[in-house]
Amino acid sequence: MTLTWADAEPNAPRDPYVQFAWMLRQRHEPPLGKHIYQPIFVRLHGNDPLAERRELLKEVLDPLSPLLMDPFELELLAARCGPVDPDAGMPDEYALYWKLGTPEDHYVALFNLQDTGTPVALDPTGLNTEMPETSPMPDEIPPEAAAPGPVRPIVAIIDDGIGFLNARFRREDKTRFHAIWLQSLERHGKTPRSVILGEVLTRDEIDDQMLSQGSALSEITVYNALNAKLSLYDGFRSTDHGSTHGTHVLDLAAGADPADAADEVRDWPLIGVQLPPQAIADTSGTKMESYLIQAVRWVLRQAHVIDPTAPVIVNLSLGMLAGPKDGTRFADYQITREAEAWERVKNQPVRIVWSFGNDYRKRLVARLDYERRGKQSIDWIVQTGDQTETYMEVRPIPGQSLEDVSLSLETPAGPASGFGPVPPGCSRDLKLDGKTVGRIYHVPERHLDPETVQRPYYLLALSPTASAFNEPLAPAGTWKLVCRYKGKGPLSLILQIQRDDSLIGHRAKARQSYFDNDKAYGWSEEYLDHRKLLPDCVIRHEGTFNALASSTARQVFHTGAAQLAREMGLIVPSIYTGEGAEWAVPGPTAATIADRSRIHPGVKGAGTFSSSTRFRNGTSAAAGRLTRALGLSAARLEANATTPKSCDFDPDKLTIWPVPEPLRSRLGDEVIQPFVMEDAGSLKI
């Protein structure tokens, strides 16, 4: 068994994560059937909008075309092809699918290809299994009657495992859900030209077919049946279990006693999107991006049906670790773009609430500073038993260039790549007996629009170190990365290992790699262990935040997590909550309390089933609470606001503590509780 490094070859995929993972999948689990399609997102050129829409619609409906659309996106496009454009002023951008292998320039005269996702088998069994076409347009779901009284926010959650039947999401014996989209991996619809992405349940369906059973309703039986229909193979069926992430976060965001007429939260309408379990299981985050974008587009249109003037608050307690962290990762960029465009055109307030990330102490970020030319190295520990891919990104800080930077990667088994050139748009492979087990990509810059550029970077990708299949594996152990700089001025390189762990219950069998350094083992008086990073350690806490939580748009909020330390009368950052950086986002927008104490982590929220509770922490729980704080402040939320984000929070309904400057990189400007605390004055930060 021989490891060798090949020379660089031209290779410029739009998303190298997708390309590398898909290449490895073909070795052990190639998709069944001939109908393999890839999600894409496109922007029409806009030279003749109506003609371009009609041309795209014609292509999608052509039986010989490589393009497909799901019913929701198809209806959006078809509506805009009529004599009156219902979305006049909105960008001409659409989510589609094209047959895998379609050349990127095939439709260059019609649209710009903005992003590509992980390919899917529309007929995974090879038996032409179809799904019902149940992705309704908003006008197929009747609007709700507006309730009298104060402004009602519309709360939406995009997450995994949403127990939508839980009593905390009802108003008396009726659901508060306007609709919930239970996404699953794409399948053929009733016709070969349609793509179905799960199933949508409307308010009437939930009430008439489920809640009408009263005390005879078995929530778990309903979830079992839905999961059996939608998650036909390798997905973890979260709502078959008593504790689910989405249910807990939504309860913190908008749960209420269904019989408590005095609680205004009970009247808030809800919208849900449950992501495919396979997208959630991949904690690198790259599989979820296309589903996230489609979900946000659907949510905004559903909210417009409920009440086109009500603020819509979208909770996104999801993310990844490595990325540009400048708002240009495509999901971050496009979700922000959707929110901004919706406010501008529809004049409906939108707030996007992201969790800031839980990776503060995981040793996933490092910084190499050069005063002048030279070499620096760092150890990269890749664990045994990892059945998923492992990734590291190498990026210069904004305003600097990779032009004079070259890399050498040494394997635990010995052979190093050397500093052989890898020009932009090329890659270099590490091969085990002729088969690729590692790759160094030099990803070139890409323009998302005339003002937005995705900066170039290096991506180091490794195959799994363990497998249930007979496939070549990357060696586990200590890899050494050497970065050589031949320029004349100062340079700072940011190294980030992508998140790669296993969520409870999921089958990813991942093990997180991490950086190692002899300056990373100082004694910590705060945590009473030997994991303190010494001042001259290249491993850093700065930049350990969610790579999708990096937009600075007015509509976007990032949430850190705080911990109560009542014995000292203090509120402190939770041990895990990420930290901003001067080269990226300086910190979260705000934080909420997600831990009752160091001994008692987490906050109480609903379990999957009615009358059950669980304690969970993390910036996801914090983001749920910030969502509620914004909902309670709904009367202050304005479309196209130019005021500071702190103006959105109502001090008469919330408890707000200002954060001193040294802690803002982890807690933001304020720590907020979504209720008034009697003893708030006894606590300080």
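Visitor: Is arginine 297 buried or exposed?
Guide: Buried means under 20% relative accessible area, exposed over 50%, and partly exposed in between (1.4 Å probe, protein chains only). At 3% relative accessibility, arginine 297 counts as buried.

Visitor: What kind of model is this, and how are residues numbered?
Guide: This is a predicted model, in which local features need pLDDT of at least 70, side-chain atom pairs count only at pLDDT 80 or more, and totals for chains, interfaces and linings use all residues. Side-chain values use heavy atoms, with hydrogens and water left out, and residues are numbered from 1 along each chain as its sequence is written.

Visitor: Which residue forms a salt bridge with arginine 297?
Guide: A salt bridge is a side-chain nitrogen of Lys or Arg within 4 Å of a carboxyl oxygen of Asp or Glu. The closest N and O atoms of the pair are 2.8 Å apart, and the partner of arginine 297 is glutamate 73.

Visitor: How buried is glutamate 73, by relative accessible area?
Guide: Glutamate 73 is buried. Its relative accessible area is 1%.

Visitor: Which aspartate meets arginine 53 in a salt bridge of 3.3 Å, N to O?
Guide: Arginine 53 is buried, with a relative accessible area of 8%. Its partner at 3.3 Å is also buried, at 19%, and is aspartate 85.

Visitor: How far apart are the closest N and O atoms of aspartate 92 and arginine 53?
Guide: Both aspartate 92 and arginine 53 are buried. They form a salt bridge, with the closest N and O atoms apart by 2.8 Å.

Visitor: How many salt bridges does a search of the whole structure find?
Guide: Among the residues joined into one network by salt bridges that share partners are Arg367 and Glu582. The search of the whole structure gives a total of 36.
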